[in-house]
Amino acid sequence: MKIAGHPVPHESARGHVTGEALYTDDLAGRFPQLLHAWPVLAPHAHAMLTQLDASPALAEPGVHATLTVDDVPGENDSGANRRDEPLFPGETMYHHQPVAWVLAETLEAARRGAGRVHATYEVLPALLTIPDAAGAESLHAGPLRLHRGDPAAELRKSPYRLDGSFEIGGQEHFYLETMASIAWLDESGGVAVHSSTQHPSQTQEVVARVLGVPRHLVTVECLRMGGAFGGKEVQANPWAAIAALGAWKTRRPVRVRLPRVLDMALTGKRHPFLARYSAGFDEEGRLLALEATLYSDGGWSLDLSEPVMWRALFHLDNAYYVPAVDVSGFVCRTHKTSQTAFRGFGGPQGMLAIEDILDRIARRLSLPPEVVRERNFYREGQTTHYGQPVKDAGRISAIWQQLLQTSGFAGRRAAIAEFNAAHPHRKRGLAITPVKFGISFTAAFFNQAGALVLVYRDGSVQVNHGGTEMGQGLHTKIRQIAAESLGLPLDAVRIMPTRTDKVPNTSPSAASASTDMNGAAVADACDQLKARLAPVAGAMLGCPPDAVSFSGGTAHGRGNPVQSVGFAEVVEAAYRQRIALFAQGYYRTPGLHFNQKTGQGEPFHYFAFGAAVTEVEVDGFTGEHRVLRVDILQDVGDSVSPLIDRGQVEGGFVQGLGWLTLEELLWDAQGRVATAGASTYKLPSWCELPEVFNVDFLERATEPGVIFGSKAIGEPPLMLAISAREALRDAIGAFGPGGVVALDSPLTPERIYWAIEKGRGNLILQTTADSGVIRA
């Protein structure tokens with residue numbers, strides 16, 4: 001039986017349910033004399049630190065040491081790209097930014113000790129919104145630009161023109177496991193770190209920089225993460241660095257774990273955006289030209305904000321061909337948490353802009369939005385606005401037509417019209433939206449992976465690779481790939497924790513590319529091992545090496561499956577012949593190139609396609625809504641692990657639903673995160689799940705050149721939730737006489753209610769800023 005392509009449970013599923021699966025902070029009990037760290041927090045969004053005296057903390061019982069800038073032997077910075085993230089700042093750039101740390105025998109003692117530290121500040125003006133930052137020309141990056149044709153001229157010639165803008169909110173990662181690191185010194189003077197990180201090699205780099213030592217003295221291990229979603233791609237680094245610095249100073253193990261309230265106050269979010277655009281179109285709703293400017297709130301440091309903006313610009317087309325385009329992006333610098341990677345990495349914000357434009361065009365022309373969308377699809381032979389051919393563009397229409405049929409779209413549209421006519425205070429809406437998402441890191445050098453596969457004399461196998469497991473099922477897929485490649489049962493293969501001393505210089509587990517790259521590297525190592533074992537097996541079977549195949553835990557000659565020899569026997573024979581039973585695999589994604597100066601190239605290996613139909617019901621009195629039904633058709637190629645992929649589709653959609661309809665980040669006028677816990681930040685729950693949730697995969701969709709013909713699945717499903725936003729727009733429009741429905745995001749009950757009132761022509765009270773709360 002084939003192992004790859006078979007639906008198997010997550011390799012840690014039982015451990016997740018029983019609590020046997022361990023995470024970084026669960027390992028604390030293994031370290032005698034462990035010290036606990038607590039930060040000294042700045043009380044201002046922007047200020048100069050004029051005086052700091054940490055010595056009073058030492059009078060607190062249980063406090064062992066403090067950490068300040070004077071304790072840093074190397075570089076006082078944890079920035080991943082631009083060196084703009086001091087561990088111990090002289091100028092505080094966001095509310096609650098740590099300025100010192102206290103190490104104590106207990107967490108409570110460390111917290112009390114931090115309260116004794118004396119710090120004085122000179123308060124400075126703070127920029128807290130995109131318009132304020134843009135107006136002050138406070139920028140991290142920009143303009144970034146992609147263009148094709150002469151959109152200004154085409155806009156002037158267009159029969160119709162649409163000008164608009166809207167705001168897109170951010171999103172808290174709210175991973176179940178908050179940031180955590182444990183560091184200690186080994187007997188050779190090196191530093192070992194357990195870290196909840198998506199990028200162990202970069203965590204290793206930052207720790208080495210801060211300590212002023214070469215990287216070979218630092219080993220970082222990630223056992224597993226309890227969720228990450230991009231939030232631990234670079235932002236795990238400072239907490240690991242603090243733990244390592246504490247261990248370096250005290251010669252004792254140090255634990256850093258952020259409780260939820262600190263994790264939400266100190267870590268970055270999905271980037272809020274402001275989109276402004278002008279679109280030209282004809283009487284059938286076909287786009288002729290588009291000029292757009294995107295502004296993102298990058299927060300206090302650059303982080304990954306520039307590549308996030310690039311991906312937003314890349315995906316401003318979604319699945320639609322625009323003949324003439326000029327799109328620009330600016331990353332604004334504000335005095336808030338440093339916004340960072342989040343599932344989709346800017347793609348969702350870019351797609352939301354074009355979907356907003358197309359819906360407004362449809363309503364302006366009194367056309368069904370699904371008709372306007374379909375008329376603008378990419379066709380075979382067309383290229384994106386950055387010059388990349390849209391390979392398999394016909395899949396967009398094929399998925400669309402199949403989903404319209406299987407979801408019963410036309411019949412439901414008619415039924416909803418009847419329902420809405422009979423219910424003046426409750427309305428239903430229906431929408432279908434597509435997704436075209438590019439797969440690869442836009443930083444080309446990240447598109448590489450390594451693996452180390454070890455075969456033991458009993459035929460069992462250990463697999464090491466550069467990817468990290470955050471609940472997404474990467475290790476499950478890698479295990480299936482290794483078992484399939486070596487012809488072994490699953491229980492013969494063990495996936496090892498990710499460590500920098502097993503596979504060096506790894507790329508982050510991000511960009512939906514982890515299976516593509518690490519799986520291919522593992523398969524490469526397995527192929528090397530099979531090539532070494534085939535002559536041994538051939539001699540045992542009496543056939544040439546090229547006639548040997550491995551399956552079911554045995555080696556046998558092709559065409560003679562009856563005659564076989566156990567895999568373990570072949571391995572033992574190879575060992576006795578002094579044949580290496582380990583192999584290093586490597587993979588680099590081919591054909592990637594992009595020139596930022598010209599805005600042209602092919603930054604993606606391929607595109608993942610999908611579409612979703614969503615039906616909602618809205619209460620006109622409260623603005624509350626229910627998701628009644630969701631139908632999804634996703635292109636996953638030939639799935640390596642269908643059960644894992646289905647979970648990714650369902651989870652991605654619900655996370656996108658939260659971003660677009662529930663999760664609203666608010667800051668107060670002092671720059672504090674006002675939605676700083678589950679009591680004030682609303683997350684999707686069982687109540688928000690669709691009553692009917694259908695997920696199917698596109699058949700006969702093999703992707704050549706990708707491991708086992710599969711396709712990436714981590715990020716693309718999140719954008720399918722745009723269909724829910726558009727269904728809500730459809731329902732809101734049904735309360736009034738029709739026409740354009742302008743909406744910011746997220747569509748909270750408050751926003752839905754006021755949109756309904758506006759559509760009805762009622763007076764709207766301006767309430768967005770009267771409480772001193774800043775929306776993001």
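This is a predicted model: local features need pLDDT of at least 70, side-chain atom pairs count only at pLDDT 80 or more; totals for chains, interfaces and linings use all residues.
Helix α5 comes first. It holds 12 residues, and the distance from its first C-alpha to its last is 16 Å, close to the 16 Å expected at 1.5 Å a residue. Of its 12 residues, 12 are buried, so α5 is largely enclosed by the rest of the structure. The buried residues run through the helix from Pro-200, Ser-201, Gln-202, Thr-203 and Gln-204 to Glu-205, Val-206, Val-207, Ala-208, Arg-209, Val-210 and Leu-211. The cover over these buried residues includes strands β10 (191-195), β11 (218-222) and β20 (498-499), together with helix α6. Just after α5, Gly-212 has a positive phi of about 70°.

Within α5, Glu-205 can be looked at on its own. The helix that contains Glu-205 spans residues 200-211. Glu-205 has a relative accessible area of 17%, and because the cut-off for buried is under 20%, Glu-205 counts as buried. When neighbours within four places in sequence are left aside, Glu-205 is in contact with Arg-83 and Arg-215.

One of the elements covering α5 is β10, and His-194 belongs to that strand. His-194 has a relative accessibility of 10% and is also classed as buried. Apart from neighbours within four places in sequence, its contacts are Thr-24, Leu-27, Phe-31, Ala-180, Ser-181, Ile-182, Trp-184 and Glu-221.

A loop residue follows. Tyr-23 sits in the loop between α1 (13-18) and β1 (35-41). In sequence, Tyr-23 and Met-225 are 202 residues apart, while their C-alpha atoms are 6.4 Å apart in space. Not counting residues up to four places away in sequence, Tyr-23 touches His-16, Glu-177, Arg-224, Met-225 and Gly-226.

Helix α12 gives another case of burial. It covers residues 409-422, and its 14 residues should span 20 Å at 1.5 Å a residue; the end C-alpha atoms are 20 Å apart, which agrees. Its buried residues are Phe-409, Arg-412, Ile-416, Phe-419 and Asn-420. These cover an arc of only 95° around the axis, which puts them on the same side of α12. The face turned away from that buried side carries the exposed residues Ala-410, Glu-418, Ala-421 and Ala-422.

A search of the whole structure gives 5 cavities of 30 Å³ or more. The largest cavity has a volume of about 260 Å³. Its lining consists of 20 residues, and those nearest its centre are Glu-85, Tyr-94, Pro-238, Trp-239 and Trp-300. Two elements, β5 (98-104) and α6 (237-250), each give two or more residues to this lining. The most comes from α6, with 3 residues; α6 is also among the elements that cover the buried residues of α5. By residue class, the lining of the largest cavity divides into 11 nonpolar, 7 polar and 2 charged residues.

Notes: Residues are numbered from 1 along each chain as its sequence is written. Side-chain values use heavy atoms; hydrogens and water are left out. Helices (H or I, at least four residues) and strands (E, at least two) are DSSP runs, numbered from the N terminus. The expected span of a helix is 1.5 Å times one less than its number of residues. Buried means under 20% relative accessible area, exposed over 50%, partly exposed in between (1.4 Å probe, protein chains only). The arc is that of the directions from the helix axis to the C-beta atoms. Contact means heavy atoms within 4.5 Å. On a 1 Å grid over the protein atoms alone, a cavity is a set of points where a 1.4 Å probe fits but cannot get out, and a pocket is an open set with protein on both sides within 12 Å along at least five of seven lines; lining residues have an atom within 4 Å of a point. Grid points are joined across faces, edges and corners, and a volume is the space filled by probe spheres set on the points. Ala, Val, Leu, Ile, Met, Phe, Trp, Tyr, Cys and Pro count as nonpolar, Asp, Glu, Lys and Arg as charged, and the others, Gly among them, as polar.
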